[in-house]
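Biologist: I would like to learn how to read a structure, one feature at a time. Please give me the idea and then the case.

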Amino acid sequence: KNKRLIKIFMVAGAMAAAWGLIQFVIGVNQTDKSNGVFLYLPPALAHWPRPILDLLSMIQGRVMGTRGHPLAYAECLLFNWAFAICFFIDSRDHTKYVWLGYLVLIGSALLVSLSRGAWIAAGVMLVLAMLTSLSKRTWLLVGVGFLFLTIFAAVPVLRNRAESILDRSHSSNKERLHMWHAGWVLWKTHPLLGIGPGNVKAVSADFQTPDEHVWGEWGHLHSTYVNFLAERGALGLLSYFVLMAAFGWELWMSRQKAALLSMLGFLIGGLTETSYNTAVVIMTFYFIVGLALAQARHGEASQP
């Protein structure tokens, strides 16, 4: 049963990745996920029904696939990326190229999402898998890494997006730093238990600049850890770390490599995104971890 669920999960991930690439190729681009202002609409599609155009559309040049936002899309694909890496390393010879192609598909979808936090997480996951694997196939993973690095170097929009990661003057980076400072201030007002779950939005207007407030109040602080600290205090953040450590220890002891790699991607993504507050991402995380823990506790043979 677990194998069947994972198979469904991997097929769904491939379909989501393919849909994102279709959005990128078609090129419909608007300011919001539905009924936004079109930034580009191919003339051939000008008279298509608006619901179909919304399904085909990117947001601000970033694909969102089957999700409501490019970040949620990319963060969910990281789980498929983790499993594909492990399946590639451990699969039989006749299926290794299938998983290699799957990695290229997922990696390409991650690229066109333009989600920098997911890029970092995917890179760390790939490097860690290469460093900890004794398989001769590791060299093919090195090839995958070089392929995507070459694409980054060759495509200006990707290269510029990657270079912006460390640019403190970049608008989204500047706002993130402002959010984290606000989170620090909020935590100091209620250090033990925080200001309460979901209350960042209620108080964020006091911290925003006029330009930031144009898009409405901050619903979160663009970091799982800062957000936990502000809303749930030191005890809440500590409890979160204890929960993750408990999951990680059991997964480690039962050699659930793909689930561990998925967990790593989720935790790295949480540095710059409030992944825990995104329902589709956190439910996918619990699906993966829950499936792996169920497998371990019922004494089944460990799998990737």
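Biologist: Into how many nonpolar, polar and charged residues does the lining of the second largest cavity divide?

Modeller: Keep in mind that this is a predicted model. Rolling a probe the size of a water molecule over the atoms shows where empty space is left. The lining of the second largest cavity divides into three nonpolar, three polar and two charged residues. The lining residues are L71, A74, E75, S115, G117, A118, G269 and E273. Two or more of them come from each of α3 and α5, and α3 gives the most, with three residues. The space in this cavity is about 30 Å³.

Biologist: How many cavities of 30 Å³ or more does the structure hold, and what is the volume of the largest cavity?

Modeller: There are two cavities of 30 Å³ or more. The largest cavity has a volume of about 50 Å³. Its lining consists of E75, L78, F79, S262, G265, F266, G269, S275 and V281. Here α12 gives the most, with four residues. By class, four lining residues are nonpolar, four are polar and one is charged.

Biologist: On to pockets. How much space lies in the largest pocket, and which residues lie nearest its centre?

Modeller: A pocket is open, whereas a probe inside a cavity cannot get out. The largest pocket holds about 1500 Å³ of space. Its lining has 37 residues, and H69, L71, E175, W215 and H222 lie nearest the centre. The elements that give two or more residues to this lining are α3 (70–90), α8 and α10. The largest share, six residues, comes from α8. By class the lining has eight nonpolar, 15 polar and 14 charged residues.

Biologist: Which classes make up the lining of the second largest pocket?

Modeller: That lining has 13 nonpolar, six polar and three charged residues. The second largest pocket contains about 600 Å³ of space and is lined by 22 residues. Nearest its centre are T132, W252, K257, L260 and L261. At least two lining residues come from each of α3, α5 (116–132), α11 and α12, and α12 gives the most, with six residues.

Biologist: Next, salt bridges. How many does a search of the whole structure find?

Modeller: To read one, look for a side-chain nitrogen of Lys or Arg within 4 Å of a carboxyl oxygen of Asp or Glu. The search finds five salt bridges. One of them joins the side chains of D54 and R50, at 3.0 Å from N to O.

Biologist: Why are D54 and R50 separated by about one helical turn?

Modeller: Because D54 and R50 are four residues apart in helix α2 (residues 50–56), about one helical turn separates them. D54 is buried, at 12% relative accessibility, while R50 is partly exposed, with a relative accessible area of 26%.

Biologist: Which parts does the salt bridge between R176 and E273 tie together?

Modeller: In this pair the closest N and O atoms are 2.9 Å apart. R176 lies in helix α8 (residues 171–189) and E273 in the loop between α12 (257–269) and α13 (279–297), so the pair ties together parts that are 97 residues apart in sequence. R176 is buried, with a relative accessible area of 12%, and E273 is buried too, at 5% relative accessibility.

Biologist: Are E250 and R297 buried, partly exposed or exposed?

Modeller: For this step, buried means under 20% relative accessible area and exposed over 50%, with partly exposed in between. E250 has 25%, so it is partly exposed. R297 has 58%, so it is exposed. Their side chains meet in a salt bridge, at 2.7 Å from N to O. The pair links distant parts of the chain, 47 residues apart, with E250 in helix α11 (residues 224–253) and R297 in helix α13.

Biologist: Now a single residue. Where does Q208 lie, and which side chain does the side chain of Q208 make a polar contact with?

Modeller: For one residue, ask where it sits and what it touches. Q208 lies in the loop between α9 (200–203) and α10 (210–213). The side chain of Q208 makes a polar contact of 2.9 Å with the side chain of H213. Q208 is buried, with a relative accessible area of 10%. Not counting residues up to four places away in sequence, Q208 touches H178, H213, G216, E217 and W218.

Terms used: Residues numbered from 1 in each chain as written. Predicted model: local features only at pLDDT ≥ 70, side-chain atom pairs only at ≥ 80, totals over all residues. Heavy atoms only, no water. Buried < 20%, exposed > 50% of the residue type's maximum accessible area, 1.4 Å probe, protein only. Polar contact = N/O pair within 3.5 Å; in protein donor to acceptor, adjacent residues only side chain to side chain. Contact = heavy atoms within 4.5 Å. 1 Å grid on protein atoms, 1.4 Å probe; cavity = no way out; pocket = protein on both sides within 12 Å on 5 of 7 lines; lining within 4 Å. Points joined across faces, edges and corners; volume = space filled by probe spheres on them. Nonpolar A, V, L, I, M, F, W, Y, C, P; charged D, E, K, R; others polar.
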